[in-house]
Amino acid sequence: MAHDILIVDDEPDIRALIEGILSDEGYDTRVAQNSDTALAAFRARRPSLVILDIWLQNSRLDGLGILEAMQREEPQVPVVMISGHGTIETAVQAIQQGAYDFIEKPFKSDRLILIAERALEAARLKREVSELKLRAGPETELLGTSSLISQLRGAIDRVAPTGSRVLISGPAGAGKEVAARMIHARSRRSNEPFVALNCATLNPGRFEEELFGVEAAADGQGAPRRAGVLERAHGGTLLLDEVADMPLETQGKIVRALQEQGFERVGGATRVKVDVRVLATTNRDLAAEITAGRFREDLYYRLAVVPLRVPSLRERREDVPVLARHFMARSAESSGVPARELSEDVLAAMQAYDWPGNVRQLRNLVDWLLIMAPGGPGEPIRPEMLPPEVGSAAPAALKLDRSSEIMTLPLREARELFERQYLEAQLLRFGGNISRTANFVGMERSALHRKLKFLGVQAEDRAAPG
């Protein structure tokens, strides 16, 4: 998407000159001749960059006054000051007030283009650093080799470049926000902002302020204008996280904003135009919510242009080892302590657990194990070190108190008991996939089928991903 540059100068020839130079470089441009038209344009749609003359005739505010107002409202927007009567003191004052750079008239077009490019790049890097600090910790990739997660990654790769709105459903903690971040990262907006609004935790009375922002008081004495998430996401992606928790009244207003790509701030009358790709997540059945009158059908169809579903961790148990080892490495790195090895037995026990909290719960467990599991850094984590609720779900073949049962049986029955428990555990860890289980235990697929039938083990043969 082309950057939007606002040019503020009282001389029509200078405005036309700068506009022509920047338009030839592929930038979108807007112009203003005084402080009132400049601030109105700035507030109607946040520009990517402002080229601002210091001395403006027939203007309520000079360039430094406009700079101060813009910096107070949107300090992340870079401003380049220009002047034909500049002094060192004026340039220093402009930089101190937050301007990115200062150019004296007359200027060469190459210098203007270079400074504009540098200002835009500096703003992008500053925004990325800010977002990284804000989001230190969240995952940005859906890990795993299961067929379900492979299919989801493929769908994300297809939809990400299109710009379509996407509704991502799935249980809490399964990775819906990770999927949304992947869509943004693979889109044409990847260098623009990614802004998330958590509808589940927001006070219902503050929804519209957070979405649309608040207009400044007309007398200038009250709180300054505050941009909402729609405005902050201009040019990029807005995630409405757990959108089913949005109040009905607000749902109606967001429908209109999506339709018109514009809105009015709370307390304002000026129409703000934005270019935003909207993604949404939900852990509820929105069809049932619509039937119950808690969710607007027209909003559903605007959000669910492309519906995606993130599977629960229980549905892709074969991904547990990959995820657990990844979380162990990340947790060790962030906490500054050596990583612990996760034994095959403990991974099998984890795969047997149902994970009601999904991937988020698994990550929290691995963090806990790194800190609280008995033993030194070089000692592997064993099933008996797991919390009771996880360890109790471990397959019988991993439990340590089964020896007394086996010792009472004849050899043939004891062997069958062990084989049954062992194969049940292996089937569980490979998500019921016969081919993967057979490969791991070292048997031909047909031989494993016969063995399972002989032992009375029920197995649903799930195909491996193509």
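**View 1. Helix H1 lies across strands S1, S2, S3 and S4.** Helix H1 covers residues 12–24, and strand S1 covers residues 4–8. The helix runs at about 170° to S2. Like every view described here, this close-up comes from a predicted model.

**View 2. Five strands form an open sheet with parallel pairing.** The order of the strands across this sheet is S2-S1-S3-S4-S5. Which strands stand at the edges? They are S2 (28–32) and S5 (101–104). Each of these two has a single partner strand, so one of its sides has no neighbour in the sheet. On average, neighbouring strands of this sheet are turned by 20° against each other, direction ignored. Strands of a sheet pair through backbone hydrogen bonds, and the pairing can be parallel or antiparallel.

**View 3. Strands S3 and S4 pair in the parallel sense.** Four bridges connect S3 with S4, which spans residues 79–83. How many residues does one bridge pair show? In one of these pairs, Ile51 has Val80 in S4 as its bridge partner.

**View 4. Asp53 is found in strand S3.** Strand S3 spans residues 49–53. UniProt, in an unreviewed entry, places the feature "modified residue: 4-aspartylphosphate" at Asp53. Is Asp53 buried or exposed? Its relative accessible area is 3%, and because buried means under 20%, Asp53 counts as buried. Leaving out residues up to four places away in sequence, Asp53 touches Val8, Asp9, Asp10, Gly63, Ile82, Ser83 and Lys105.

**View 5. Another open sheet of five strands also has parallel pairing.** Here the strand order is S7-S8-S11-S6-S12. The edge strands are S7 (194–198) and S12 (306–309), and each pairs on one side only. Neighbouring strands of this sheet are turned by 20° against each other on average, direction ignored.

**View 6. Strands S8 and S11 run parallel and are joined by four bridges.** S8 is made of residues 237–241, and S11 of residues 277–282. Thr237 stands opposite Arg277 in S11.

**View 7. Helices H6 and H7 lie across strands of the sheet that contains S6.** Helix H6 (residues 147–159) lies across S6 (166–169), S11 and S12. What is the angle between H6 and S12? H6 runs at about 155° to S12. Helix H7 (residues 176–185) lies across S6, S7, S8, S11 and S12. The direction of H7 is at about 155° to S6.

Notes:
Residues are numbered from 1 along each chain as its sequence is written. This is a predicted model: local features need pLDDT of at least 70, side-chain atom pairs count only at pLDDT 80 or more; totals for chains, interfaces and linings use all residues. Side-chain values use heavy atoms; hydrogens and water are left out. UniProt positions are given in the numbering used here, feature names are shortened, and annotations may be inferred rather than shown by experiment. Buried means under 20% relative accessible area, exposed over 50%, partly exposed in between (1.4 Å probe, protein chains only). Contact means heavy atoms within 4.5 Å. Two strands pair if DSSP finds at least two bridges between them. Axes are lines fitted to C-alpha atoms, for helices over the stretch in contact, and angles run from 0 to 180 degrees between N-to-C directions.
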